[in-house]
There are 2 protein chains.
Amino acid sequence: MQPDSSRLPEMPPVVLGEALTEQSYLRLREAILQRRLPAGARLSVPAVARRLGVSRSPAREAIARIAAEGLATFVPRKGAVVARITAADLLEIYELREVLEGLAARLAAERIAADGLAGLRALLDRHRAAVEDGDVARHMELDQAFHRALRHAAGNRRLLEPLDRLQAQVRIAMDTTHRSPGGMPQALAEHEEILAALRDHDAVRAEAVARAHIIRLRQSIASSGDVPAGGAGSSRGGAR
Amino acid sequence: MQPDSSRLPEMPPVVLGEALTEQSYLRLREAILQRRLPAGARLSVPAVARRLGVSRSPAREAIARIAAEGLATFVPRKGAVVARITAADLLEIYELREVLEGLAARLAAERIAADGLAGLRALLDRHRAAVEDGDVARHMELDQAFHRALRHAAGNRRLLEPLDRLQAQVRIAMDTTHRSPGGMPQALAEHEEILAALRDHDAVRAEAVARAHIIRLRQSIASSGDVPAGGAGSSRGGAR
DNA sequence: GGTGATTGAATTGCATGCATCATGTAGCCG
DNA sequence: CGGCTACATGATGCATGCAATTCAATCACC
């Protein structure tokens, strides 16, 4: 193993005089999601503080938030390391996402108003353009934006955080799990299906198609990235 | 005038020489769940530190965890206050719990082994005894224990934290929303139904009965529950 | 030359100092 | 007598000091 983790990539120092902790958290999160900090990278408090040009206090809290979010894990004696999202983790994540996105779609179908529908419509139009252009990065961005808008339309605040976290974890896993470009039109079509159900305020259908959408994503991942045959079994017990 | 912030209830000082932050967190959580710290109580860092006999660092982090868990909310300029779980919040919580407990039951039905079934069986036996004795406190405790065991049997680690959090939030809401004692045998019977489905490894039925169980709880709360009405008068300190 | 002990660097967790800022009160002035 | 202001209190956020501990690499010794 190479101690590649010792050198953190250059991060522009935090500038805003206010909310150093928040800024540090956002910078750190961004670095992780963009994979400038790869899975397994160690996040020591002094190192992060140095890189960000802040003292240890905000660095420490930023790291704590990152860990609480599931983007890093605390190793007992080593501090925090950027989470390694394995195929088994993705299975767990998609099991959860299935029911949560389904719930979001159901609630949104019951509650969404005209402006909410218009917003989703606009997103899908831009998404379609991106897919037609074969713009993978933009596709992923708009795909996530759609799901984000969907859960916001659900009107259940407690639904936001778990889904945000899962989505972030999926993003840092995208490293190993290749994005199949062929799946882009399929995802778009399924989003259209969800939107259609929302427009009809058909809660049952919205939940069903949303769940089917996630199930398909899980399967496409399970088939491309091979899962160790154990599944998401209990690897480790213990409370947090 | 008396500084009301010092009115935090007596908490035995943290004793263990290790993990002051963890101990502080647990003590604080316990105090909140037992309603020794009522909803709306302010959790200022110095006050908590004083009460627990620790310095501000562990107190600060403990409060941060409590807030991240949804047991307290950060008010921009006032610090953290113990969360006020309204009837509307409970609605949100049960919307989420419905799908999460359903997922837990489904996964558990697929994966649970003999010892897991035996553990749940033992819990239900004790639960039955408590219900027959009319022991409400023990009923609630075992009710929660059953759900906790169920989600552990699901074998999805990412499912644990959201459900733990929701359950904790429900507990601090139990202040205002009283559980109808008549519901005890009903809850027990539904848990038996879930267990039966698990024993048959009938995932579909397990999910269905678990969801039905939560839906019923939500309805029983919605019918007995009061209006959220924010009219809770903040007790103003005595003028003289 | 191989193995083991020692020193060293770095990290964590905790404690504490300090400036800024909001809050609430008391007193003063119109 | 009421409204406004200045002050005292206390909280937050950030910076930094300090001891204990861990991990590693070097160096001495067999």
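Which strands of chain A does helix α3 (residues 56-68) of chain A lie across, and at about what angle does the helix run to β2(A)? In this predicted model, helix α3 of chain A lies across β1, β2 and β3 of the chain, and the angle to β2(A) is about 105 degrees.

The sheet under discussion is an open one, built from three strands of chain A in the order β1-β3-β2, with antiparallel pairing. The edge positions go to β1 (42-43) and β2 (72-75) of chain A; each has a single partner strand, so one side of each is left without a neighbour in the sheet. Between β1(A) and strand β3 (residues 79-82) of chain A, the antiparallel pairing runs over two bridges. Here A:Arg42 stands opposite A:Val81, a residue of β3(A).

As for the chain as a whole, chain A has nine helices and three strands. Reading from the N terminus, its elements go α-β-α-α-β-β-α-α-α-α-α-α. Of its 240 residues, 37% count as buried. Taking the contacts in chain A between residues at least 6 apart in sequence, 72% link residues at least 24 apart.

A:Ala49 sits in helix α2 of chain A. Leaving aside residues up to four places away in sequence, A:Ala49 touches A:Val54, A:Ser55, A:Arg56 and A:Ala59. A:Leu107, by contrast, is 58 residues from A:Ala49 in sequence and 42 Å from it in space, C-alpha to C-alpha.

Turning to the protein-protein contacts, 19 residues of chain A are in contact with 17 residues of chain B. On the chain A side, the elements giving two or more residues are α4 (87-111) and α7 (157-173) of chain A. The most comes from α4(A), with nine residues. Sorted by class, this side of chain A has 10 nonpolar, four polar and five charged residues.

Over in chain B, helix α7 (residues 157-173) has 17 residues, which at 1.5 Å a residue should span 24 Å; the end C-alpha atoms are 25 Å apart, so the two figures agree.

At least two residues each of the surface near DNA strand C are supplied by α2 (45-52) of chain A and by α1 (20-33) and α3 (56-68) of chain B. That surface has seven nonpolar, five polar and two charged residues.

DNA strand D is surrounded by 16 residues, the closest being A:Leu20, A:Ser55, A:Ser57, B:Val45 and B:Gly79. Two or more residues of the surface near DNA strand D come from each of α1 (20-33) and α3 of chain A, and likewise from α2 (45-52) of chain B. By class, the residues near DNA strand D divide into eight nonpolar, six polar and two charged.

Notes:
Residues are numbered from 1 along each chain as its sequence is written. Chains are lettered from A and ligands numbered from 1 in the order in which they are written. This is a predicted model: local features need pLDDT of at least 70, side-chain atom pairs count only at pLDDT 80 or more; totals for chains, interfaces and linings use all residues. Two residues are in contact if their C-beta atoms, placed from the backbone, lie within 7 Å. Helices (H or I, at least four residues) and strands (E, at least two) are DSSP runs, numbered from the N terminus. Ala, Val, Leu, Ile, Met, Phe, Trp, Tyr, Cys and Pro count as nonpolar, Asp, Glu, Lys and Arg as charged, and the others, Gly among them, as polar. Two strands pair if DSSP finds at least two bridges between them. Axes are lines fitted to C-alpha atoms, for helices over the stretch in contact, and angles run from 0 to 180 degrees between N-to-C directions. The expected span of a helix is 1.5 Å times one less than its number of residues. A residue is buried if 20 or more other C-beta atoms lie within 10 Å of its own, exposed if 12 or fewer, and partly exposed in between; C-beta atoms are placed from the backbone. A residue is near a molecule or strand if its C-beta atom, placed from the backbone, lies within 6 Å of it.
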